[in-house]
Amino acid sequence: MNKFVYMFDEGHSKQKELLGGKGANLAEMTRIGLPVPYGFTISTEACNAYYSAKKELPTEIELQILEALHSLEEHTGKKLGDPTNPLLVSVRSGAVHSMPGMMDTVLNLGMNDETVKGMASLTNNPRFSYDSYRRFIQMFSDVVLKVDGFYFEQLLEEIREAKGYQTDPEMKAEDWKEVILGYKEIVKKHAKRNFPEDPFEQLFLSVTAVFDSWNNQRAIVYRRLQKIPGHLGTAVNIQSMVFGNMGNDSGTGVAFTRNPSTGESKLYGEYLINAQGEDVVAGIRTPQPIVTLKQEMPNVYEQFVNTCQILENHYQDMQDIEFTVERGDLFILQTRTGKRTAEAAIRIAVELVNEQIISKKEALLRVDPEQLNQLLHRRIDDSFKRNVLAKGLPASPGAATGRVVFDADEAERLAKENQKVILVRPETTPDDIHGIVAAEATVTSRGGMTSHAAVVARGMGKACICGCEVLKIDLKSQQFKVGETIVRKGDVITIDGSTGEMMVGDIPMIEPKLSKEFQLLLTWADAERKLGVRANADNPEDAKKALDFGAGGIGLCRTEHMFMDSKRIPIVQEMILADTFEEREEALQKLLPMQQKDFEEIFEVMQEHPVTIRLLDPPLHEFLPNKEELLVDVTTLQITEGNTEELKKKEELLRKVRLLDEANPMLGHRGCRLGMSHPEIYMMQAKAIFHALTNVVEKGMVVKPEIMIPLVGHVNELKQMRQLVISIGEQVMEERGTKIDYLIGTMIEVPRAALTADQIAEEADFFSFGTNDLTQTTFGYSRDDAEGKFLQAYIENKILPVNPFATLDQEGVGKLVETGVKLGRKTKPALKTGICGEHGGEQQSIQFCHEVGLDYVSCSPYRVPLARLAAAQASIKTELVQSMVVSQ
């Protein structure tokens, strides 16, 4: 018989795939002797068996749960459902990868009308007992019976106000009894059944509810966001309850062994006296900083500090710890590797190396490359005099400006319309995750730095303020009030998640400064990586930014972007609309000095670093007015008998636009095909490049130019265009009396080029894989149409695992890249190969590029640090795999 259930003392930390992260850590903490309430874990395999059985719990799993429950009863000396000495348990999810707040939890399970009396007698604390019972009814009904928690909160507020109380701790046992009766009526009305009194029914219903929550909407969204596979399933942890709500010698809290926002090596967290854990995480009450526990319970605080040190040393990383104090006794409920900001991740990794706890290679693997984007964007200008409207807890750093919205669905809708919004809520729940993802930032009036909003925002690198209690939020009127100031839906606010400050209006931002730890970590990365990292840059400003971020050159300079300038568009259109070769040549002669100046400035910035310049790639119609808009203008002029001269010009322009119009321009007259038809365009660009090079060389600078012919599908195209560039180069160098070394290569972006790369390599000094277009031509997708119409549905329905335009499709497009590299190097063993599509700045794609032996990746300047780190991680992971193979 398969084993599906494990007692805490049967497992260890390396069994995360089986026991889930939480279960493995509970087992590990039990193994090393920490005060962990005893229990057992129902494995991820049981979850998958439940789904395989069409959401029925197999009998063998039920029997194993009952057997484990019996062991738990023997260990604690209590029994589930025993009215004189009842065992109460928590039922918690525990996925392989941490998914805070995404799945369901039930606390105080085992309470009913009889056991509540037993608890009251045993603890001599009826108020605590009935408070725990009402919490259980509310949580169980919400999670298992799907009764909206709003009904319970509404009733509780009505009763509390009727009795003149301000807070829950003022409620007495008799008050809770009244609440419980009301709660049961709510269940009967909305769930169409009585609240279940049988603890065994409660247990099995809760277990299946947690399994069901693996596929709830918020969990699916979170998994997709974090790239967590959907087949892993979740474990369920059944743990004997300890109570933080037994009086002022009890409490509950969440703490990090280091600051998760800054990385400072200092205990960071919050707690609540006389409360249960959900009160802290849900943000229902605003907690106290952990340091004040030193005054409230000095012995407990000292024990907790020591336990934190034990856990950090044991796991060799910052820990996120949940704890409960029951009548002066400390219990550790959970530990996991703490989520952190990019700033904190880097500082912690570097300091752990300095403390000789981990190696440099381990430190490099600890930082998520995607997180680095948090550090490379703007913050509020320090010189700006802030007029602070409100201040809350600085829950997640960064600054953001946007229009206020009060609803997660609306945040998502407006974000899709390219509007920047800030989500403002009393508190967030896991159901709001799509709104947090869509919004620029999140603000809550309740909750602490470890509340749901804070944890999720930090994980995403989004600015967040929590516990901003001065906000009086009126969801019905869609506004909030601070003193006499009213801020309505749609008003613009700016927040600083690093200080917790909120201001009205749009506030100036400045570029970030990178820490010394950031620079040091990337220096370590450069020492490890085998892949070169270049940047895509089309102007001197981007080129300088690329160098600042550590790029080793420019892998893609798109010359068409130089044509897009408003002053140049009329000349470009003049060139396109020319009726004769002479007219086109005249327009090209006007463009030549402009392009030459552009190239010269870029070469001067990039001295000694290679610069790959791609000749004109897009179809000419992209530089002309929109056909539909032009047709409207012509029709309007015809109807209104407008200016006859203007009408003639517009009609002529429309005729030319129609001539250039293509059914499928992406596969049409563009790239080298345009160069073949109109060689004078490429000749002008080549002249601009070589004159720019000569000018820079004459200033005593070193240059490394690489000229790239786009969209080659047949070797003869490259052969002809290569000869054109060579002939212009020789002409200019002879004319200027200069000798310059340069390379001529091509962009591999159609499948035929990859499949005939051995032939194409005869005429190429380098290959650059343009994986944006290679993905389009391999899949037969138009990117704009695919992403706008069906691609998201494909991902949601698991037709495709990920968006192939974001993460390289290794099975299809990747095979073409691998084939192109192998065939190209078969012809020229030293052939330089790189990638310059957007995949060059994506972690998994960079790993693939390393594995197939590319020489470099090229990405946007702001993703260069990410690529440097990801390339180092790829190298380290390959070494680890190779060493494992050798050892076996």
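How many bridges pair strand β9 with β10, and in which sense? Let's answer that while walking through this structure, which is a predicted model. Strand β9, residues 319-326, pairs with β10 in the antiparallel sense, and eight bridges hold that pairing. One of the positions you can look up is glutamine 319, whose bridge partner in β10 is threonine 337.

Five strands make up an open sheet in the order β8-β7-β6-β9-β10, with antiparallel pairing. Its edges are β8 (288-289) and β10 (329-337), each of which pairs on one side only. As a reminder, strands of a sheet pair through backbone hydrogen bonds, either parallel or antiparallel.

Strand β3, covering residues 89-95, is joined to β4 by three bridges, and the two run antiparallel. Here valine 89 stands opposite leucine 109 of β4. Strand β4 itself (residues 105-109) is mostly covered, with five of its five residues buried.

That brings us to the interior. In soluble globular proteins, nonpolar side chains tend to be buried together. In this model, the largest nonpolar core has 126 residues, and Phe603, Ile709 and Phe767 are those with the most contacts inside it. Helix α26 (residues 679-698) gives this core its largest share, 10 residues. Apart from this core lies another, of 83 residues, which includes Met119, Leu156, Ile186 and Phe211.

Next, look for an opening. The second largest pocket has a volume of about 920 Å³. It is lined by 38 residues, of which Arg614, Asp617, Asn772, Asp773 and Gln776 are the closest to its centre. Several elements supply at least two residues each to this lining: β25 (554-558), α20 (560-563), α30 (771-779) and α31 (783-789). By class, the lining of the second largest pocket has 14 charged, 12 polar and 12 nonpolar residues.

Finally, let's visit some loops. Lysine 55 sits in the loop between α2 (44-52) and α3 (59-76). Is lysine 55 buried, partly exposed or exposed? Lysine 55 counts as partly exposed because its relative accessibility is 45%, and a residue must be over 50% to count as exposed. Beyond its neighbours within four places in sequence, lysine 55 is in contact with Tyr50 and Asp212. Between lysine 55 and phenylalanine 195 there are 140 residues of separation in sequence and 22 Å in space, C-alpha to C-alpha.

Lysine 146, in the loop between α5 (126-143) and α6 (149-162), has a phi near 60 degrees. With a relative accessible area of 59%, lysine 146 is exposed. Asparagine 418, with a phi near 65 degrees, lies in the loop between α15 (408-416) and β15 (421-425). Asparagine 418 is also exposed, as its relative accessible area is 71%.

Notes
Residues are numbered from 1 along each chain as its sequence is written. This is a predicted model: local features need pLDDT of at least 70, side-chain atom pairs count only at pLDDT 80 or more; totals for chains, interfaces and linings use all residues. Side-chain values use heavy atoms; hydrogens and water are left out. Two strands pair if DSSP finds at least two bridges between them. Helices (H or I, at least four residues) and strands (E, at least two) are DSSP runs, numbered from the N terminus. A nonpolar core is a set of buried Ala, Val, Leu, Ile, Met, Phe, Trp, Tyr and Cys residues joined through side-chain atoms within 4.5 Å. Buried means under 20% relative accessible area, exposed over 50%, partly exposed in between (1.4 Å probe, protein chains only). On a 1 Å grid over the protein atoms alone, a cavity is a set of points where a 1.4 Å probe fits but cannot get out, and a pocket is an open set with protein on both sides within 12 Å along at least five of seven lines; lining residues have an atom within 4 Å of a point. Grid points are joined across faces, edges and corners, and a volume is the space filled by probe spheres set on the points. Ala, Val, Leu, Ile, Met, Phe, Trp, Tyr, Cys and Pro count as nonpolar, Asp, Glu, Lys and Arg as charged, and the others, Gly among them, as polar. Contact means heavy atoms within 4.5 Å.
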